[in-house]
Amino acid sequence: MHTYPRPLPDTDNRLYLPYIQGLKKQLLLVQKCLHCADLQWPPREFCPSCNKSEFDWIEVQQEGEVYTYSIVYRAPHPWFNSKVPYGIVIVELENGVRMIGNYFEEDVENIECGMKMKAQFEHVNDDITVLKWKKV
Amino acid sequence: MSYKTDAAAIVGVGETEYVRGTEKTGRQLILESALAACVDAGVEPESVDGVIMAAGNMITNEDFIAALGIRDLKFHSHIKIGGASSVAGLIVAAHIVASGMASKVLVTAGGNSYSGLRLGSGDPSLSKSIAWPGKDIRTNLEYPYGMVVPMQWYSLHANRWFYETKADPKGMEIVSLTTRKHAHLNKKAYFRNKTLTSADYTSSPFLVKPFRLLDICLETDGAAAVLVMNSKEAKRLRKHSPVFIAGGAEGHPDSPDDLSNRDSILSMGITKAAPRAFEIAGITKDEVDFAQIYDCFTFIVLRQLEEMGFCALGESPEFVKDGRIELGGQLPINTHGGLLSQAHITGMNHVVEAVHQLRGDAGKAQVEDARIGVVTGYGDFGDGSIAILHN
């Protein structure tokens, strides 16, 4: 049977590269506008508050609460077929940043909004590390 | 009855067959529906001078010029806000004919969403070949985590809604069953002969919680089109009474291509668009006789009822009870069967059904004494559109 590789972030994407490199170092990095100091996530070319285009990347905490989630029973991509049911969890971190990751634990069907989660980092290859959430 | 913004009217509607499996290309289907709309209006296809292509990439203005023999195309536009495109395109058409830039504008939608790449197929090319907005977000933050298709995006919204409001999940079943009942009255509906019981609904599998298979719309092949003219000229046509466009609007959520990081995932495009549309049309919600509400998922019908103000946040499951949204009820919805049970024609089939209701030729599904109808669209990551029509 043909196996399909997991879809992975694009390391040629300059906008996302600091985030991708941060995950490799087990850090969660988000954009901070150098002019108005607003945090921006997901990253974009312009700051919607002041319309400037210069950013720093800062680290945010690795624990937060589930803002919302999805529990998937029919995989939309064959790599995930062996994972169903699996969770996609959006965790709200400090300053309102909400970050996506998977939840592959046995008790996936018990996920609820408000649950406390912390980040775990799954090494995929030399360039890519992806995010998993785990209950605190 | 007339309204200050009654400058434009729908004079013709066209639909292909709604099927699962066809030899025809998406382009053929769209052109077929466009020609049917001209015939319905009693207008020579060659005299069409505007085309608006709602959603999809399978057709160009050149295709219309060639197939319809258009002599002088004065306006064309592509509207790309997914399921909100059909109604948004209708509103653009109204403004174009009102301004005089063009006089006969087709608005078209449809294609091969069954015979082509199916969103429900699990095909690995889904994450590569569909040009959603926010490509960087999709590629870097969603596809790697197995979030690829709309049913998953909508589940993020639905799960937060249930958490914040403690809304009754039964509301989704009521929408599913009501819509199917209406499909039985519509000879074009894909599910016209397939009954649906509460037991069928509750035993249908979850594809992504909280959505069961029967909360999710059809994938079909087909196309639909409407022809819009300015009201003065429309009144001179003799085949049908014009259906007037009293008003309409589109709206976009904040953080428009990212569901997760907008302040509230419950705030949508129609939240902004609906009050604008009602104000422009100069009508109140109490005057609405029926609504054709974009129903790619049962729950998004409930949410649009709330955001349009027909009921309060979290109360839509209560609102839809006791036959209120059925034919004969206070606000019949999706009297043709909707995307859930008629066909997924990106909501252009909702516009067509609204026209039938207001012409009084909706057959067994006719809303008695229908004067004013609402049609909505919902697309991509929460874009909304709404049109208010009357006869």
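The side chains of Arg138(B) and Glu142(B) make a polar contact at 2.6 Å. A polar contact is a pair of N or O atoms within 3.5 Å; within protein, one must be able to donate a hydrogen and the other to accept it, and residues adjacent in sequence count only if both atoms are side-chain atoms. This is a predicted model, in which local features need pLDDT of at least 70, side-chain atom pairs count only at pLDDT 80 or more, and totals for chains, interfaces and linings use all residues. Side-chain values use heavy atoms, without hydrogens and water, residues are numbered from 1 along each chain as its sequence is written, and chains are lettered from A and ligands numbered from 1 in the order in which they are written.

Arg138(B) sits in helix H5 of chain B, residues 135–142. Helices (H or I, at least four residues) and strands (E, at least two) are DSSP runs, numbered from the N terminus. Arg138(B) is buried, at 1% relative accessible area. Buried means under 20%, exposed over 50%, and partly exposed in between (1.4 Å probe, protein chains only). A polar atom of the Arg138(B) side chain also lies 2.8 Å from the backbone oxygen of Asp257(B). Contact here means heavy atoms within 4.5 Å.

## Chain B as a whole

Chain B holds 14 helices and 11 strands. Its radius of gyration is 19 Å, close to the 21 Å of the globule rule for 391 residues, so chain B is as compact as a globular protein of that length. The radius is taken over C-alpha atoms, and the rule is 2.2 Å times the number of residues to the power 0.38. Along the principal axes, the C-alpha atoms of chain B fill a box of roughly 55 × 45 × 40 Å.

Of the 391 residues in chain B, 63% are buried. Among contacts in chain B with a separation of 6 or more, 74% join residues 24 or more positions apart. Chain B exposes about 13900 Å², and carbon and sulfur atoms supply 50% of that. These areas come from the Shrake-Rupley method with a 1.4 Å probe; for residues, only the protein chains shown count as cover.

Chain B carries 38 positive and 45 negative side chains, and the centres of the two sets lie 2 Å apart. Lys and Arg count as positive, Asp and Glu as negative; His and the chain ends are not counted. Each charge is placed at NZ of Lys, CZ of Arg, CG of Asp or CD of Glu.

## Backbone exceptions

Most residues other than glycine have a negative phi, and most peptide bonds are trans. In chain A, the bond from Trp41(A) to Pro42(A) is cis, with omega near 0°. Pro42(A) is in the loop between strands S2 (39–40) and S3 (55–60). Val84(A) and Pro85(A) are also joined by a cis bond, with omega about -10°. Pro85(A) is in the loop between strands S4 (63–72) and S5 (86–92).

Ala37(A) has a positive phi near 70°. Ala37(A) lies between strand S1 (28–33) and S2, and is partly exposed at 42%.

Asp369(B), in the loop between helix H14 (348–359) and strand S10 (372–379) of chain B, has a positive phi of about 55°. Asp369(B) is exposed, at 63%. Glu368(B) is in the loop between H14 and S10 too, and is exposed at 75%. Glu368(B) and Leu327(B) are 41 residues apart in sequence, with C-alpha atoms 8.9 Å apart.
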